[in-house]
Amino acid sequence: MGENEASLPNTSLQGKKMAYQKVNADQRAPGHSQYLDNDDLQATALDLEWDMEKELEEPGFDQFQLDSAENQNLENPETADLNLDSIQPATSPKGRFQRLQEESDYVTRYTRSAPKSNPCNFCRLLKILCTAIILFIFGILIGYYALKKCPSNATSSAPLDLQLYQEILQTIQAEDIKKSFRNLVQLYKSEDDTEISKKIKTHWTSLGLEEVQFVNYSVLLHLAGPSASSVILGSSGQCFRPNGQPCSEEARTHSSQDLLYSYAAYSAKGTLEAEVIDVGYGNADDLKRIQKMKNTTNQIALLKLGKLPLLYKLSLLEKAGFGGVLLYIDPCDLPKTANLSHDTFMVSLNPGGDPSTPGYPSVDGSFRQNRSNLTSLLVQPISAFLAEKLISSPNSRTKNGVCSPLELPDNDERTVNMQVQTVTKFKTVTNVVGYLKGLTSPDRYIIVGSHHHTAYGPYGQEWASSTAVITAFIRALMLRVKKGWRPDRTIVFCSWGGTAFGNIGSYEWGEDFKKVLQRNVVAYVSLHSPIRGNSSLHSIASPSLRQLVMEKNHFNCSRRAKCQETNVSSVQIQGDADYFINHLGVPTVQFAFEDIKALEGPSFLSEALFPKLATKIEEMDPFFNLHETITKFLGDKEGIDIEERGERTWKTPL
């Protein structure tokens with residue numbers, strides 16, 4: 001037994017040597033070196049393989065199942081030959097250890113160690129990382145010390161010092177507003193609005209306002225004709241001007257200019273002789289009743305202004321077949337203190353913007369539509385005095401303190417001849433726009449709007465009141481800026497042109513920058529006509545701004561009358577705010593002093609533009625205390641905070 005056992009290693013070694021020689025003979029290529037055929041080298045390789053097999057047969061390597069793998073190759077000689085094809089004797093003599101590598105589950109049982117990384121690449125990456133970190137820290141240090149050495153001159157409005165705030169309010173003086181007002185009214189006689197626009201721009205720039213600029217648009221205007229329109233009574237043949245003055249009489253002082261501007265802008269022009277039919281306020285029910293009684297085709301309607309929008313009433317009359325309209329204000333609808341029986345007025349039939357470019361701005365290259373008139377009706381405003389002549393009303397219409405409205409009896413027939421003379425021309429309308437850049441949210445805009453006189457329009461002076469107030473407000477804010485304050489949001493100050501012809505300046509500017517305004521404007525503050533009376537501060541606001549106005553409406557009310565309840569109807573906000581609230585959906589608020597009795601009358605009377613002289617403005621506010629109050633009201637609470645959910649609430653201060 002001992003001899004047999006001793007002979008087993010030699011037998012096994014001889015068998016392995018013979019197997020290696022056979023494989024080497026089969027796989028040897030002609031180009032192999034003879035060094036590989038050396039017997040001593042072969043024996044050394046077999047000894048090395050035997051040592052490796054002995055290591056694999058240790059208890060830690062029993063999972064390799066060497067015997068089963070060898071038996072499998074012996075039972076399938078073809079497979080064994082295939083496995084031997086992969087042996088490369090020129091590289092390393094591999095016997096049984098090669099078959100272990102060719103097992104299908106070898107990868108899961110034996111894993112080679114990963115090659116060691118190149119130390120040069122690691123050092124290079126480490127250097128790059130350290131350099132980037134050093135540069136980053138160095139940049140932070142530079143920015144920190146740069147800001148520390150050059151601190152910003154402007155600070156946020158949140159820590160606004162109360163003492164500074166009081167000092168600024170004290171700078172708003174009625175005497176300064178009065179002086180500015182009187183300087184402005186001296187410019188209204190210019191042939192165009194360039195001189196007024198230059199004056200406003202120069203004044204705003206001198207106050208320190210940033211980027212004050214002109215924004216011009218060439219628009220189609222409907223202007224007064226060379227002579228005043230006329231109305232001829234068919235029964236007597238008498239000719240009257242729109243104010244009731246006979247055509248033969250010589251014009252009185254200021255009257256000639258007022259008569260020229262007694263017309264309806266964008267009305268049809270021409271001559272019409274027809275029967276006059278009293279339609280009252282022109283609502284749909286009255287028109288249905290009248291159409292059942294009379295033929296309204298190509299007749300002249302005697303229409304009262306108020307209660308409904310004028311354009312809506314004219315559309316109903318146009319559908320009913322009327323050919324002309326005599327428009328007046330019933331004296332019973334006016335306050336007793338307002339003696340306007342002989343005064344003429346102007347109205348605009350333009351819903352807004354340049355009629356030749358509806359819905360898009362009037363810039364160079366824009367397509368122009370031929371729209372010389374916006375209605376087929378001949379529309380002529382007349383005074384209440386002339387309306388009384390047409391109706392043949394008795395002199396006294398007041399009984400027991402009750403005013404009797406003007407009415408034409410249904411059975412009476414009146415025939416008149418009306419002549420409307422107007423011209424259409426392309427003119428330049430100028431807007432003056434200035435900016436006060438915000439600190440924390442410079443891309444959010446609050447627009448404060450007023451309007452200035454357009455030389456082609458009526459000689460009303462309420463524009464000077466509007467411009468004087470916004471100028472005083474700019475002066476107060478710029479004093480804050482000089483002391484280190486900045487608003488959170490950018491404030492855009494606008495003085496619009498072409499307001500009397502249908503808010504043309506504001507419409508064109510809004511259409512020109514529509515995308516930016518829709519995205520960034522958070523509120524519009526209107527100073528369209530701040531002084532309309534002298535008894536009560538009347539505020540009109542969008543629903544989202546109602547709470548602010550209700551909280552502050554009692555702050556600056558006149559002592560001569562109680563405050564009125566806040567009006568939250570956006571439709572009744574007149575003037576240049578129309579485009580921003582009705583087309584862009586911008587929250588809007590408007591402040592104005594009104595006569596309480598005028599507020600109790602019919603709505604939409606403000607559509608009539610009376611040529612109000614400067615002396616009448618000063619009669620309502622002789623010491624300009626109301627102007628001062630409006631300005632301080634703006635300076636007191638003029639900030640708006642827009643929440644992320646779209647909820648609009650007011651924040652103090654701006």
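## Disulfides and overall build

Two disulfides turn up in a search of the whole structure; a disulfide here is a pair of cysteine sulfur atoms within 2.5 Å. This is a predicted model, in which local features need pLDDT of at least 70 and side-chain atom pairs count only at pLDDT 80 or more, while totals for chains, interfaces and linings use all residues. Residues are numbered from 1 along each chain as its sequence is written, and side-chain values use heavy atoms, with hydrogens and water left out.

| Disulfide | S to S | S-S torsion |
|---|---|---|
| Cys239 and Cys247 | 2.0 Å | about -65 degrees |
| Cys332 and Cys403 | 1.8 Å | about -75 degrees |

The Cys332 and Cys403 disulfide is left-handed. This pair links distant parts of the chain, 71 residues apart. Cys332 lies in the loop between β7 (324-328) and β8 (347-348), and Cys403 in strand β11 (residues 402-403). The disulfide of Cys239 and Cys247 is also left-handed.

Now the cysteine surroundings. Buried means under 20% relative accessible area, exposed over 50%, and partly exposed in between (1.4 Å probe, protein chains only). Cys239 is partly exposed at 26%, and so is Cys247 at 21%. Cys332 is partly exposed at 25%. Cys403 is partly exposed at 31%. Cys123 is partly exposed at 41%, whereas Cys494 is buried at 0%.

As for the whole chain, 47% of its 654 residues count as buried.

Conventions: Helices (H or I, at least four residues) and strands (E, at least two) are DSSP runs, numbered from the N terminus.
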